[in-house]
Amino acid sequence: MHIHFLDPFIAGQSAIHRLDPRVKFVLAVAFILTAALTPSGAWPVYVLLFALAMGVIVLSELGVGFVFRRAVLALPFVLAALPVIFTLPGVPLFSLSLGSWGLTATADGVERFVSIALKSWISVQIAIVLSSSTPFPELMVAMRAARVPRLLVSIFGLMWRYLFVLADEAMRLLRARSARSGATGLPGMKVGGSISWRGRVAGGMAGNLFLRAIERSDRIYVAMLSRGYDGEVRDLPLPPLRALHWLVLICGVALLGMLAIFGFLFYG
Amino acid sequence: MLYAPLPMHIPDGFLSVLVSLVLWAATILVVGYSLRRVGQDLGERQAPLMGVLAAAIFAGQMLNFTVAGGTSGHLMGAAIATILLGPWAAILVLTTVVGVQALVFQDGGLLVLGANIFNMGIVGVAVSYFVYRTFQRLANGKPWGIFVGGFIAAWASIFIAALAVALQLAFSGTSPANIALPAMGGIHALIGLGEGLITVGALAFLYATRRDLVTAGEGQVKASSAVWVAGLLIALALAIASPLASAHPDGLEWVAEQRGFLDAAREPLYNVIPDYVLPGIANESLATILAGILGALIVFFIALGVAYTRRKRGTAS
């Protein structure tokens, strides 16, 4: 069993797939920034941002259902914002009573909560489109263009290269453990000894993984040295942006800027 | 399974722009300095070692053990990375892990990536380092310092990082301090026990097989009192600020004042167009409906265009 399913990239020929990764990256971050800047309760702006995200999803030909399903993964964190419904002062909306406890929800609180949930949901959709339509090497090009230090970019690259190798090793470790401790997968079957024993076993596996990783990194380093590595990270200069991509970039940033200003002016 | 199960990766939308940008600035400074320091210490070995270890931490987060009632213990890895590699390299490793989680797997947002790196990388590492070094000194070279220190360092890295997350949420007005702090702190005080158990297990394995890594690892050679002090300060600040903030949520009043200040700064902008919503639109819900119609039209026409080009491509090939 290999872990290539880890990579969220989905090959395609859509307009979004073919867009320069630098433009995609800047626009995705600008979109998320716009969503973050939008004041709570500015519903028209949220509707337009959502429509924009939907438009991008449709253009990317990834499938609306696919993006929505993956976007659900980010939702559990919404729980962290739930209490704000009851604690923000404002017009009372409804009351809950849990035994002797009384909670009063306010309209302002609900507005804040829905705004936070919407912001995060729309933002994560754009992030999904970015990572599903851009292979990792192109993301690294975007990072270089964003002036991330070269060394850090090359650490990212090596990490991505060996992530699959080490994730495979981690899965082999997990499989070996289930084989030896007779995991049946049946509900109610107890597996292994006490909690601290299980923790120690998992820890031993982690230690094993780190040890293999450190030794592997030694071998990789020696292999790199023997191929002429001298500590300097060299890469090809970035190609210039094509005129069409410049146009997309400028139009996108202008559009998002207008939406942000619109939100500020009328709802800020 | 592929996602770190700790509710600690903040998604986009939960932090205010101000908090995100301030933490980005802090993160860039510290990571930039770490790059320099690690470059001096490790030289050209740096890139392969950091890259592969970041991959190992990421993969190590898949290793779990069942606790009770369908929950399981996992590894975040700040403590073990700090113990094996020293603080500066650990910061780089965790920056890479958290960065890839956000960029590729949407585990944490992009705008708040600075905050996530700050919490898990910088706070987690500094606190681990402070606790671990302190126990090492207390134990004076005896092995119990490694294991007790490792357990408490792992627990504290999770707990203090969770307090940092809760405080940031409170500052952003996303979650009230008097609820977020006890909730995040309480949950992670338990999750931290799992982290501690795995970390001790890993240390025990490494102590038995490669004692040199644990006793003479980079973390020991490159002792840095600046990081020790930073860890102490972060731990103290968060440990003191948290109960204060949760006992007196009004203590965050100055944030509200800041908000008021920002609103005031925005006032003249608003006055440019007084009592005027959109040309010809006086009603807010009408504006929302119009925006909805406009949005639906945009999406409809894009879908139409994509369907058209798809058909053309289909017939062409």
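Biologist: Thr27(B): buried or exposed?

Modeller: Bear in mind that this is a predicted model. Thr27(B) counts as buried, because its relative accessibility is 2%, and the cut-off for buried is under 20%.

Biologist: Where does Thr27(B) lie?

Modeller: In helix H1 of chain B, residues 17-42.

Biologist: And what does Thr27(B) touch, leaving out residues up to four places away in sequence?

Modeller: Gly114(B), Ile117(B), Phe118(B) and Ile122(B).

Biologist: Switching topic. At what angle do the axes of H7(A) and H8(A) cross?

Modeller: Roughly 170°, and the axes come within 10 Å. H7 of chain A covers residues 136-145, and H8 of chain A covers 150-180. The crossing angle therefore makes H7(A) roughly antiparallel to H8(A).

Biologist: Which residues meet there?

Modeller: From H7(A), Phe136(A), Met140(A), Met143(A) and Arg144(A). From H8(A), Val153(A), Phe156(A), Gly157(A) and Trp160(A). By class, that contact has six nonpolar residues, one polar and one charged.

Biologist: Now the largest nonpolar core. Which residues touch the most other members?

Modeller: Phe210(A), Met50(B), Leu53(B) and Val100(B), out of 157 residues in that core. H8(A) gives the largest share, 16 residues.

Biologist: What is Val100(B) in contact with, leaving aside neighbours within four places in sequence?

Modeller: In chain A, Phe136(A), Phe156(A), Met159(A) and Trp160(A). In chain B, Phe58(B) and Phe105(B).

Biologist: How many residues are in the second core?

Modeller: Nine, and that core is separate. Among them are Ile57(A), Leu62(A), Ala71(A) and Ile128(A).

Methods: Residues are numbered from 1 along each chain as its sequence is written. Chains are lettered from A and ligands numbered from 1 in the order in which they are written. This is a predicted model: local features need pLDDT of at least 70, side-chain atom pairs count only at pLDDT 80 or more; totals for chains, interfaces and linings use all residues. Side-chain values use heavy atoms; hydrogens and water are left out. Axes are lines fitted to C-alpha atoms, for helices over the stretch in contact, and angles run from 0 to 180 degrees between N-to-C directions. Helices (H or I, at least four residues) and strands (E, at least two) are DSSP runs, numbered from the N terminus. Angles under 35 degrees count as roughly parallel, over 145 as roughly antiparallel, 65 to 115 as roughly perpendicular and the rest as oblique. Contact means heavy atoms within 4.5 Å. Ala, Val, Leu, Ile, Met, Phe, Trp, Tyr, Cys and Pro count as nonpolar, Asp, Glu, Lys and Arg as charged, and the others, Gly among them, as polar. A nonpolar core is a set of buried Ala, Val, Leu, Ile, Met, Phe, Trp, Tyr and Cys residues joined through side-chain atoms within 4.5 Å. Buried means under 20% relative accessible area, exposed over 50%, partly exposed in between (1.4 Å probe, protein chains only).
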